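Subject: Structure for you to look at, with notes

Dear colleague,

Here is the structure that I promised to pass on to you. Please open it beside these notes, and look up each residue as you come to it.

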Amino acid sequence: MSVSSVLLFMDRNLLARKQNARPDKQNDLGWKLFGKIPLRENDQKESKKMQKEYEDRAGRPSKPPSPQQNVRKNLDFEPLSTTALILEDRPANLPAKPAEEAQKHRQQYEEMVVQAKKRELKEAQRRKKQLEERCRLEESIGNAVLTWNNEILPNWETMWCSRKVRDLWWQGIPPSVRGKVWSLAIGNELNITHELFHICLGRAKERWRSFSTGGSEAENEDAGFSAADREASLELIKLDISRTFPNLCIFQQGGPYHDMLHSILGAYTCYRPDVGYVQGMSFIAAVLILNLDTADAFIAFSNLLNKPCQMAFFRVDHGLMLTYFAAFEVFFEENLPKLFAHFKKNNLTPDIYLIDWIFTLYSKSLPLDLACRIWDVFCRDGEEFLFRTALGILKLFEDILTRMDFIHIAQFLTRLPDDLPSEEFFASIAAIQMHSRNKKWAQVLTAVQRDSREMEKGSPSLRH
């Protein structure tokens, strides 16, 4: 074949391709996804004709699909749940389900619906019960607030020790009146005024400025205490504030109560330089701040730490601390003899767990709301309730503790569970009897103090 023939053949083929491409290009316009050009009438008819032929071959009637079927066909076959999987019809290219299988799937579906309804009903009943309990609690708190404000607080001196008030006290003081009740119950034997607080706070601020600028402390009247000791107290306060209720994030640097807590602790170191700052004080001051104004919190804080038990611990009076431990063991053996023997066998002494509980008045060891309820009764009953609470904790976990060794007991008691049930906990405390051989706590403590020789041996005994 000559070259001219080959060129003529290629031209014809190219011409034919261009002519065939034109209709395709026009057809493409009809299939444009978001185009404004509709399908031509002939194309629509051709589409319907092809659909009818397909249905005839599949052996199905050519009636238009229902809207529900349309929705299902437009969706990808992806069951959204177990129910959808059971009730899903098989695709057209597969044989239909046998009647037995379809019936079985229907039964499974109905069973699932019944179980789902049961779960929904159970959940609804649980929510209803929670709501009823919450409403009942709110109503109880509201009534208690009225009783405290209208009956008890105006007549405090005559009513605070009555049976009715003591019973109401045990149920927990409503948060809105808790600060007032604590202030009255703790009292102000030291006769501290708001003016004295501001004087002590002013001195503390001067001391902070002096240490920050490196100034001389020669003019300070607390000559009996070295500058190094005072500076150590200030640094310890700063460190402890950051570790006080860290989950609340309100006492740390930048928090709304940081400056208040810093002020109370700093003012106290100026008010009682002989005591200074001791770790654990920050938790006590923080709980008071949550319920009282700054000056009133300082007054309650100073009077609270002036109580014999707190002073013995915060001044680290070893002899008096051992006396408290010995008296505690008397009631420990009286109430929980089995656990007492187990602790003795493992050489677990009270100081291992009691010191932290007493230093912070349980505010560090227990959830805050539960600790506040402990404080409620502590303000009513005094130091005795601190040791009664300790025995309540041991009684609540007696079965667990009797199966532990020394290490695990110490770890457990220094890090108590966060989900302590309050009612069960207080029932455990209520079961503790603070009587030993017809003697109350104060009598036992006095007897142990007299028996100094037996106390030093660590095995307290009461002499008659």
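The notes below go from the whole chain to single helices, then to the core and to a few residues.

Please keep in mind that this is a predicted model, in which local features need pLDDT of at least 70 and side-chain atom pairs count only at pLDDT 80 or more, while totals for chains, interfaces and linings use all residues. Residues are numbered from 1 along each chain as its sequence is written, and side-chain values use heavy atoms, with hydrogens and water left out.

The whole chain

The protein chain has 24 helices and 0 strands, where helices (H or I, at least four residues) and strands (E, at least two) are DSSP runs numbered from the N terminus. Of its 464 residues, 36% count as buried; buried means under 20% relative accessible area, exposed means over 50%, and partly exposed lies in between (1.4 Å probe, protein chains only). Among contacts (heavy atoms within 4.5 Å) between residues at least 6 apart in sequence, 67% join residues at least 24 apart.

Helix α12 (residues 281-289) is largely enclosed by the rest of the structure, because 9 of its 9 residues are buried. Among them are Met-281, Ile-284, Ala-285 and Leu-288, and these four residues are also in contact with Phe-301. Phe-301 itself is found in helix α13 (residues 294-305) and is buried, with a relative accessible area of 0%. Leaving aside neighbours within four places in sequence, its contacts also include Ile-264, Leu-265 and Tyr-268. Phe-301 and Ile-284 are 17 residues apart in sequence, and their C-alpha atoms are 7.4 Å apart in space.

Helix α23 (residues 441-450) has the buried residues Trp-441, Val-444, Leu-445, Ala-447 and Val-448. These cover an arc of only 165 degrees around the axis, which puts them on the same side of α23; the arc is that of the directions from the helix axis to the C-beta atoms. The face turned away from this buried side carries the exposed residues Ala-442 and Arg-450.

The largest nonpolar core

A nonpolar core is a set of buried Ala, Val, Leu, Ile, Met, Phe, Trp, Tyr and Cys residues joined through side-chain atoms within 4.5 Å. Which members of the largest core, with its 110 residues, touch the most other members? They are Leu-394 and Leu-413. The largest share of this core, 9 residues, comes from helix α15 (residues 318-335). The core lies between domain 1 (177-213 + 226-303) and domain 2 (307-457), because both give residues to it; the domain bounds come from an automatic or database domain assignment. Not counting residues up to four places away in sequence, Leu-394 touches Phe-328, Phe-332, Leu-336, Leu-339, Phe-343, Tyr-353, Leu-401 and Leu-413.

Single residues

His-342 lies in helix α16 (residues 337-345) and is buried, with a relative accessible area of 16%. A polar atom of its side chain lies 3.3 Å from the backbone oxygen of Leu-401, which makes this a polar contact (a pair of N or O atoms within 3.5 Å; within protein, one must be able to donate a hydrogen and the other to accept it, and residues adjacent in sequence count only if both atoms are side-chain atoms). Beyond four places in sequence, His-342 touches Leu-401, Thr-402, Met-404 and Ile-409.

Asn-347, in the loop between α16 and α17 (351-360), has a positive phi of about 55 degrees although it is not a glycine, and Asn-347 is exposed at 61% relative accessible area. Arg-437, in the loop between α22 (422-430) and α23, has a phi near 55 degrees and counts as exposed at 51% relative accessibility. Most residues other than glycine have a negative phi.

Finally, a search of the whole structure finds 0 disulfides, a disulfide being a pair of cysteine sulfur atoms within 2.5 Å. Cys-249 is exposed, with a relative accessible area of 54%, whereas Cys-309 counts as buried at 0%.

With best wishes
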